[in-house]
Amino acid sequence: MYHLLWMPKYRKRLLDGKIAERLKELLHECSDMHRWKIEELNIHKDHVRIVVHMKPDVSVSKMVQLFKDSSSKVIREEFQELRFLWGQKLLGRWVFCRNFWPG
């Protein structure tokens, strides 16, 4: 299991309302497609926190890339007000990741 945390570029407080709901859907779709299990998902205005269980068939960096790139692209396409903000990237480059053992 991995605990991940990432933020929008410049830690802008824009992940709320319909944007947050759509982001949640996209993250669940991605995890279902790759047969990962989201144990916990919290979307705050300025960051995303997720605990995900995955098999070691893909690297953690690839998992993060799949989560971030696919969701960012769809969000920017569906919410036109975000397209002009930072060009091709909605989410920042920095990601916090650690192994997570419950209990």
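**Stop 1: the strands**

Select strands E2 and E3: seven bridges join them, and the two run antiparallel. This is a predicted model, so keep that in mind as you look around. Now find the turn. E2 passes into E3 through a hairpin of two residues. Next, click Lys37.

Pick His3 and look for its bridge partner. That partner is Val51 in E3.

How covered is E3? Six of its seven residues are buried, so E3 is mostly covered.

**Stop 2**

Select Asp46 and Arg13. These two form a salt bridge, and their closest N and O atoms are 3.7 Å apart. Where do the partners sit? Asp46 is in the loop between strand E2 (37–44) and strand E3 (47–53). Arg13 is in the loop between strand E1 (2–8) and helix H1 (17–33). The pair links distant parts of the chain, 33 residues apart.

Is Asp46 buried or exposed? Asp46 counts as buried because its relative accessibility is 12%, and the cut-off for buried is under 20%. Arg13 is exposed, because its relative accessible area is 58% and exposed means over 50%.

**Stop 3**

Go back to Lys37 and show its side chain. Which residue does Lys37 meet in a salt bridge? The partner is Glu39, with the closest N and O atoms 3.9 Å apart. Glu39 is partly exposed, at a relative accessible area of 39%.

**Stop 4: helix H2**

Move to helix H2, residues 60–78. Select Lys73 and Glu77. Their side chains meet in a salt bridge of 4.0 Å, N to O. Both lie in this helix, four residues apart, which is about one turn. Check the surface again. Lys73 is partly exposed, with a relative accessible area of 47%. Glu77 counts as partly exposed too, at 44% relative accessibility.

Now select four residues together: Arg22, Glu25, Glu29 and Glu78. Salt bridges that share partners join them into one network.

**Last stop: the whole structure**

Zoom out and show every charged side chain. How many salt bridges does a search of the whole structure find? The search finds seven. Among them are Asp46 with Arg13, Glu39 with Lys37, and Lys73 with Glu77.

Note on methods. Residues are numbered from 1 along each chain as its sequence is written. This is a predicted model: local features need pLDDT of at least 70, side-chain atom pairs count only at pLDDT 80 or more; totals for chains, interfaces and linings use all residues. Side-chain values use heavy atoms; hydrogens and water are left out. Buried means under 20% relative accessible area, exposed over 50%, partly exposed in between (1.4 Å probe, protein chains only). Two strands pair if DSSP finds at least two bridges between them.
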